[in-house]
Amino acid sequence: MLRDITIGQHFPGNSLVHRFDPRLKLVLTIAYIVLLFAASNPLGLALSILFLAVMYKVAKIPGKMILKSLKPILPIVIFTAVLNLFFVSGEGEPLVHIWFLTIYAEGVRYAVLMAVRVMALIAGTSLLTYTTSPIVLTDAIEQLLKPLGKLHFPVHELAMMMSIALRFIPTLIEETDKIMNAQKARGAQLDTGKMTDRVKALVPVLIPLFISAFRRADELVQEWTNKKIIFPDDIQAKIVGRDTNCNYLLLKPIKILVYVDSIGCTACKLNFYDWYQKINSLGKITDLAFLFYVNTKNFKILIHQII
């Protein structure tokens, strides 16, 4: 189940939806959510879902990814539908009346509409994260909220927190899966038994998960506190595949320096696709230079990734 959670995951691509301005995608997503819940009849809801299906088709996101994003929330969808089914009253004779439970036609209608709305909501927001990387999404949020900065609203800090939270979602999911497997190996019954027993069995999972999350957050802060990167004095800038020096880039008044160490996957850390989009968006600024400083153990693999 946990491996099916795709919240916060990004799937690189070159489709039209991937190339949309991230600010536009954010605004469209918010408008889609508003229209989704404002639609009071099945026709409006059907049109919203049709629009979402077209966007998924244009983005070239496989249908199985939609099912993966919906699978973890099925219990919430069922719970919401059951509440509407039994607690929405209507006019006329009830369809079912068993003891204190009464089901009206209006209840069935609201239950179906609410279940479809919730699933369409998750599918729509998932499309945003599928086609927009966390870095680009964070920049878009910060730009949209920039006017609030005049009111001393911490726009940059909020955007940074959201970026870190999105990046930690896959890590926490993996950590939860490991803890659950460890508890099952000790005999914990997490998937069987009564609902109360299954809820109680989650306590030994949640406590280590919270401790792990706080530990990772503390390590993230301690890793960069009071530390700095010292570069050699004789750095030379070159274009890949050419012998010509480009030291004029070092003289630019504004420089964005990207440093990647030799630990882990160098190509993954560089994330060239996201940087390519960012550089193109700032291409009109002539006084700006992007410098990538990579400390890698395998230079051939780095050159292959760049070329």
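Reader: Quick one to start: is Lys60 buried or exposed?

Author: Lys60 counts as exposed, because its relative accessibility is 69%. Keep in mind that this is a predicted model.

Reader: Okay, and where does Lys60 lie?

Author: Lys60 is in the loop that runs between helix 3 and helix 4, the latter covering 63–70.

Reader: What about its backbone, what's the phi of Lys60?

Author: Lys60 isn't a glycine, yet its phi is positive, at about 60°. For context, most residues other than glycine have a negative phi.

Reader: Which other residue has a positive phi without being glycine?

Author: His152 is one, with phi near 65°. You'll find His152 in the loop between helix 7 (134–144) and helix 8 (155–185).

Reader: And is His152 buried or exposed?

Author: His152 is exposed, since its relative accessible area is 76%.

Reader: Let me zoom out. How many helices and strands does the protein have?

Author: The protein has 13 helices and four strands.

Reader: How much of it is buried?

Author: Of the 307 residues in the protein, 28% are buried.

Reader: And the contacts, what share join residues at least 24 apart?

Author: That share is 66%, taken among contacts between residues at least 6 apart in sequence.

Reader: Now the helices. At what angle do helix 3 and helix 6 pack?

Author: Helix 3 (residues 42–59) packs on helix 6 (residues 105–131) at about 25°, and their axes are 11 Å apart. Angles under 35 degrees count as roughly parallel, so helix 3 is roughly parallel to helix 6.

Reader: Which residues of helix 3 make the contact?

Author: On the helix 3 side they are Pro42, Leu45, Ile49, Leu52, Met55, Tyr56 and Ala59. Helix 6 brings residues including Arg109, Leu113, Arg117, Leu127, Tyr130 and Thr131.

Reader: How do those residues divide into nonpolar, polar and charged?

Author: The contact of helix 3 with helix 6 has 13 nonpolar residues, three polar ones and two charged ones.

Reader: Is that crossing left-handed or right-handed?

Author: Helix 3 and helix 6 make a left-handed crossing.

Reader: You mentioned Thr131. Is Thr131 buried or exposed?

Author: Thr131, which has its place in helix 6, counts as buried because its relative accessibility is 3%.

Reader: What does the side chain of Thr131 reach?

Author: The Thr131 side chain reaches the backbone oxygen of Leu127, at 2.9 Å.

Reader: And which residues does Thr131 touch, leaving out those up to four places away in sequence?

Author: Thr131 touches His10, Val17, His18, Lys25 and Ala59.

Reader: How many residues apart are Thr131 and Val17 in sequence?

Author: Thr131 and Val17 are 114 residues apart in sequence, while their C-alpha atoms are 6.8 Å apart in space.

Reader: Back to helix 6. How do helix 5 and helix 6 cross?

Author: Helix 5 (residues 74–87) and helix 6 cross at roughly 155°, and their axes come within 8 Å. Angles over 145 degrees count as roughly antiparallel, so helix 5 is roughly antiparallel to helix 6. The crossing of helix 5 with helix 6 is right-handed.

Reader: Which residues make that contact?

Author: Helix 5 uses Val77, Thr80, Ala81, Asn84 and Leu85. Among them on helix 6 are Val108, Tyr110, Met114, Val118 and Met119. By class, the contact of helix 5 with helix 6 has 10 nonpolar residues, three polar and no charged ones.

Reader: Last topic: at roughly what angle do helix 2 and helix 7 cross?

Author: Helix 2 (residues 22–38) crosses helix 7 at roughly 75°, with the axes coming within 8 Å. Helix 2 and helix 7 are therefore roughly perpendicular to each other.

Key
Residues are numbered from 1 along each chain as its sequence is written. This is a predicted model: local features need pLDDT of at least 70, side-chain atom pairs count only at pLDDT 80 or more; totals for chains, interfaces and linings use all residues. Side-chain values use heavy atoms; hydrogens and water are left out. Axes are lines fitted to C-alpha atoms, for helices over the stretch in contact, and angles run from 0 to 180 degrees between N-to-C directions. Helices (H or I, at least four residues) and strands (E, at least two) are DSSP runs, numbered from the N terminus. Angles under 35 degrees count as roughly parallel, over 145 as roughly antiparallel, 65 to 115 as roughly perpendicular and the rest as oblique. A crossing is left-handed if the near helix is turned anticlockwise from the far one by less than a right angle, and right-handed if clockwise. Contact means heavy atoms within 4.5 Å. Ala, Val, Leu, Ile, Met, Phe, Trp, Tyr, Cys and Pro count as nonpolar, Asp, Glu, Lys and Arg as charged, and the others, Gly among them, as polar. Buried means under 20% relative accessible area, exposed over 50%, partly exposed in between (1.4 Å probe, protein chains only). A polar contact is a pair of N or O atoms within 3.5 Å; within protein, one must be able to donate a hydrogen and the other to accept it, and residues adjacent in sequence count only if both atoms are side-chain atoms.
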